[in-house]
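Please keep the structure open while reading.

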Amino acid sequence: MSQAMPQVSVVVPVHDEEGAAAALAREIADALQGRAFEMIFVDDASRDGTRAELEAARTALPQLRVLAHGANAGQSRAVRTGVLAARGEIILTLDGDGQNPPGDGPALIDLLLAAPAEVALVGGRRARRQDSQAKLWASRWANRIRKRLLGDDADDTGCGLKAFRREAFLRLPYFDHMHRYLPALMIREGYRNLYLDVSHRPRGQGRSKYTNWSRLKASVSDLLGVIWLKSRARRPGGITEL
């Protein structure tokens with residue numbers, strides 16, 4: 001690529017988001033205008049025209065890169081694929097459904113850039129969520145249980161809008177659904193997190209890839225796994241080269 005090395009890499013996992021993906025890419029480009037950035041959309045084996053739509057959008061969006069999974073591997077794997085390919089030191093993630101307004105991204109990026117090195121993540125906290133009452137209720141209880149068991153400091157780990165340091169992310173253990181446990185995993189590695197209120201808007205195209213029941217089944221084993229990871233963590237207390 002001929003453009004300058006980006007400072008920020010925007011990673012967006014998408015699956016069956018035809019009609020929304022290209023519009024989201026354009027909105028991200030507008031929000032980050034004037035910055036050194038790239039966008040990495042990771043198509044997680046969509047069955048519709050998402051991939052073709054993104055490929056067509058590259059003509060007008062030189063910052064856009066499109067990576068494609070050969071088989072559906074889930075949101076966490078898509079995020080990891082994008083981070084591994086990223087050239088920026090700062091990663092900004094958004095959900096591919098467009099419910100995270102890209103206009104909130106610069107505030108998270110700037111807070112992270114101004115923070116000391118031990119702050120590795122700035123998480124979005126959705127204000128006035130535009131979801132069903134059932135989804136809101138399930139999310140509220142899941143966050144309470146997770147915070148109590150893991151002792152993390154996040155009120156809304158389900159918000160896809162996050163800014164974090166690429167180097168810190170690559171130190172974390174990978175597992176499916178890890179994107180919902182990034183704050184706890186960052187703390188386990190010795191980092192700190194910050195949070196900002198962000199906007200949230202109704203889904204425009206497509207439908208949710210999850211149900212409350214599917215989330216519950218996955219979250220029980222994931223939560224037990226993160227509790228185990230936390231219990232096995234040992235920190236070196238600083239590293240000195242002699």
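## Basis and terms

Helices (H or I, at least four residues) and strands (E, at least two) are DSSP runs, numbered from the N terminus. The model is predicted: local features need pLDDT of at least 70, side-chain atom pairs count only at pLDDT 80 or more, and totals for chains, interfaces and linings use all residues. Residues are numbered from 1 along each chain as its sequence is written, and side-chain values use heavy atoms, with hydrogens and water left out.

## Positive phi in two loops

Asp16 is found in the loop between E1 and H1. Asp16 is not a glycine, yet its phi is positive, at about 55 degrees. Asp16 is also buried, with a relative accessible area of 16%. Buried means under 20% relative accessible area, exposed over 50%, and partly exposed in between (1.4 Å probe, protein chains only).

Ala45 lies in the loop between E2 and H2. Its phi is near 55 degrees, a positive value in a residue other than glycine. Ala45 counts as buried, at 17% relative accessibility.

## Helix H2

Helix H2 spans residues 50–57, and its Thr50, Glu53, Leu54 and Ala57 are buried. Seen down the axis of H2, the buried residues fall within an arc of 95 degrees, so they line one face of the helix. The arc is that of the directions from the helix axis to the C-beta atoms.

What do the buried residues of H2 pack against? Their partners are strand E1 (8–14), helix H1 (21–31), strand E2 (37–43) and strand E3 (64–68). Contact means heavy atoms within 4.5 Å.

## Nonpolar cores

A nonpolar core is a set of buried Ala, Val, Leu, Ile, Met, Phe, Trp, Tyr and Cys residues joined through side-chain atoms within 4.5 Å. The largest has 32 residues, of which Val10, Val12, Ile28, Met39, Phe41 and Leu92 touch the most other members. E1, H1, E2, H2, E3, strand E4 (90–93), helix H4 (105–114) and strand E5 (119–126) each supply at least two residues of this core. H1 gives the most, with six residues.

Val12 touches Leu24, Ile28, Ile40, Phe41, Val42, Leu94, Asp95 and Gly96, not counting residues up to four places away in sequence.

## Cavities

On a 1 Å grid over the protein atoms alone, a cavity is a set of points where a 1.4 Å probe fits but cannot get out, and a pocket is an open set with protein on both sides within 12 Å along at least five of seven lines; lining residues have an atom within 4 Å of a point. Grid points are joined across faces, edges and corners, and a volume is the space filled by probe spheres set on the points. The whole structure holds two cavities of 30 Å³ or more.

The largest cavity has a volume of about 80 Å³. Its lining includes Pro13, Gln75, Asp95, Cys159 and His179. Helix H3 (75–85) and strand E6 (162–165) each supply at least two lining residues. The second largest cavity has a volume of about 30 Å³. Leu150, Ala184, Leu185, Arg188, Val226 and Lys230 line this cavity. H7 gives the largest share of that lining, three residues.

## Second largest pocket

The second largest pocket has a volume of about 200 Å³. Its lining includes Arg171, Arg188, Glu189, Tyr191 and Pro236.
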